[in-house]
Every structure is written in C-alpha cells, then in structure tokens.
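Work through the exercises below with the sequence and coordinates open. Each task is followed by a solution in steps.

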Amino acid sequence: MKFAVLVFPGSNCDIDMYHAIKDELGEEVEYVWHDATDLSEFDGILVPGGFSYGDYLRCGAMANQSNVMAEVKRCAEAGKPVLGVCNGFQILTEAGLLPGALLRNKNLKFMCRTIQLKVENNNTLFTSQYEAGEVIHIPIAHGEGNYFCDEETLAQLKANNQIVFTYAGDNPNGSMEDIAGIVNERGNVLGMMPHPERAVDALLGSNDGLKLFKSIVKQWRESHVS
Ligand SMILES: NC(=O)CC[C@H](N)C(=O)O
C-alpha cells in the first residue's frame, strides 16, 4: 500500500507520519508538496499536523486553498482512505470533507500531553484492529481542538456512528460530547485531534496508535490483493 504524506509550509508532524508508515508499518510512503495536482498513484492520503501557513486566519484555512486539496477531494470521492491528524483534521473540516469546526481550546492554552482516548466505533477501516470501547493512550498537541458542530449535525454524527474517538475521563479542550475524532458518512475520511503517529513504539511511551495504521492496511489488502 502506498501512502502520501501531504506537506504544507508549516507542517511539523509530516516526518513523524512518514516514520510511522515506513519504519513501523513497513509500507510505501512519499512526501507530497501542497502544490501537487495528481495523487492518483497513492492508495491512502495522510494530512499531518502542524501550523500550516502559521495558522493564519484560522487553523487550516489557508492550506485548504492549496492545489492539492482538490485532489484530496477526488481521492475521498473515489473511496480512498484519507486521514487528517490535528492540523490535518482542521484542514479537512475547512475543506468540507468533515462536518463541524475546531475552536480554541476552552482554557485558551496550547496543550501537549498524553491523554486517554476511547474507541467508540471499531467498525471503520481506521479502527478495526481495536476492541470496541478500548481505551488507548495517544498524545495531543494543539491550541484549537475544541470540536463544535450544530445540533442537527451532532444528531447525524450519532445516528450514523460517525463519532470514532472520544476523550476518556478528562476532556482536555472542551470538545462537544468529548469528541476527539470523527469519520465522514461514507467512513473513508477520518479526522482526529490526538496524534496516533506519535504513539507507534513503546519507546515513545505508547504504541497504541499503530493499530490505526494497521487497520487501514488490512482493509486495503483485503479489497485489493487476492
Ligand atoms: N499539532 C497540531 O497539528 C496543531 C494544530 C494547530 N496549529 C493548533 O494549534 O491547534
């Protein structure tokens, strides 16, 4: 399986994402600069965290104007897995690929620590390797991770099982309903604030993020390799 890690001016989790795929997962991966116009050679798209365009205007707003985003939309429409982590999640909401928005953290502070995350839905291509209700340890590092959407959208997210991860116990940022990660209705676009790519080796304090990447590869192998 071949992954693209998108790189915008100000991305800073692209190297961690690349490392997770290449060294921990053992799959193919390439960096793709934000002005790329063709992602057809890739099977999965990873939108990493960071401070794209210095978070100017709103986190992710400038990155959403990049050439590559039209191509990311085509990939999503084609059913390819698209994962946005942290700033990547913010970019995907700006792009309209995921509903809602990420607001300033309730305490108005940037927070960087490992939190507990509950797997609410393990019936997605991103979470099949987890147990339902499993609590995992994944780092967060954000200033604007406070998920918000209107009541109608929230009802849809619940009705379609689109809430994939919630903060277990302590909600660090004030997110509505403790939401930490959601998928689109079709289930092939996931956005999450915590960083699974920073939890892929016990030496880093946790390897709980690895199962997310393994889930993606398993689903791809099952549908593409006979
Ligand atoms: N680590 C990140 O991706 C941070 C995202 C964004 N710059 C924020 O502070 O919310």
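This is a predicted model: local features need pLDDT of at least 70, side-chain atom pairs count only at pLDDT 80 or more; totals for chains, interfaces and linings use all residues.

**Exercise 1. Overall fold**

Determine how many helices and strands the protein chain has, and why it counts as compact as a globular protein of its length.

Solution. Step one: the secondary structure consists of 5 helices and 11 strands. Step two: the globule rule gives 17 Å for 226 residues, and the radius of gyration of the protein chain is 16 Å, close to that value, so the chain is as compact as a globular protein of that length. Step three: the C-alpha trace spans about 45 × 40 × 35 Å along its principal axes.

**Exercise 2. Burial and contacts**

State what percentage of the 226 residues is buried, and what share of the contacts with a separation of 6 or more comes from residues 24 or more positions apart.

Solution. Step one: 49% of the residues of the protein chain count as buried. Step two: among contacts with a separation of 6 or more, 75% join residues 24 or more positions apart.

**Exercise 3. Residue G54**

Locate G54 and decide whether it is buried or exposed.

Solution. Step one: G54 sits in the loop between β3 (44–47) and α2 (68–77). Step two: 11 other C-beta atoms lie within 10 Å of G54. Step three: a residue is exposed at 12 or fewer, so G54 is exposed. Step four: K2 is 52 residues from G54 in sequence, and the C-alpha to C-alpha distance is 29 Å.

**Exercise 4. Ligand shell**

Describe the residues around the ligand by class and name those that come nearest.

Solution. Step one: the shell has 5 nonpolar, 6 polar and 2 charged residues. Step two: of the 13 residues around the ligand, G49, C86, N87, H142 and G143 come nearest.

Definitions and conventions. Residues are numbered from 1 along each chain as its sequence is written. A residue is near a molecule or strand if its C-beta atom, placed from the backbone, lies within 6 Å of it. Ala, Val, Leu, Ile, Met, Phe, Trp, Tyr, Cys and Pro count as nonpolar, Asp, Glu, Lys and Arg as charged, and the others, Gly among them, as polar. Helices (H or I, at least four residues) and strands (E, at least two) are DSSP runs, numbered from the N terminus. The radius of gyration is taken over C-alpha atoms; the globule rule is 2.2 Å times the number of residues to the power 0.38. A residue is buried if 20 or more other C-beta atoms lie within 10 Å of its own, exposed if 12 or fewer, and partly exposed in between; C-beta atoms are placed from the backbone. Two residues are in contact if their C-beta atoms, placed from the backbone, lie within 7 Å.
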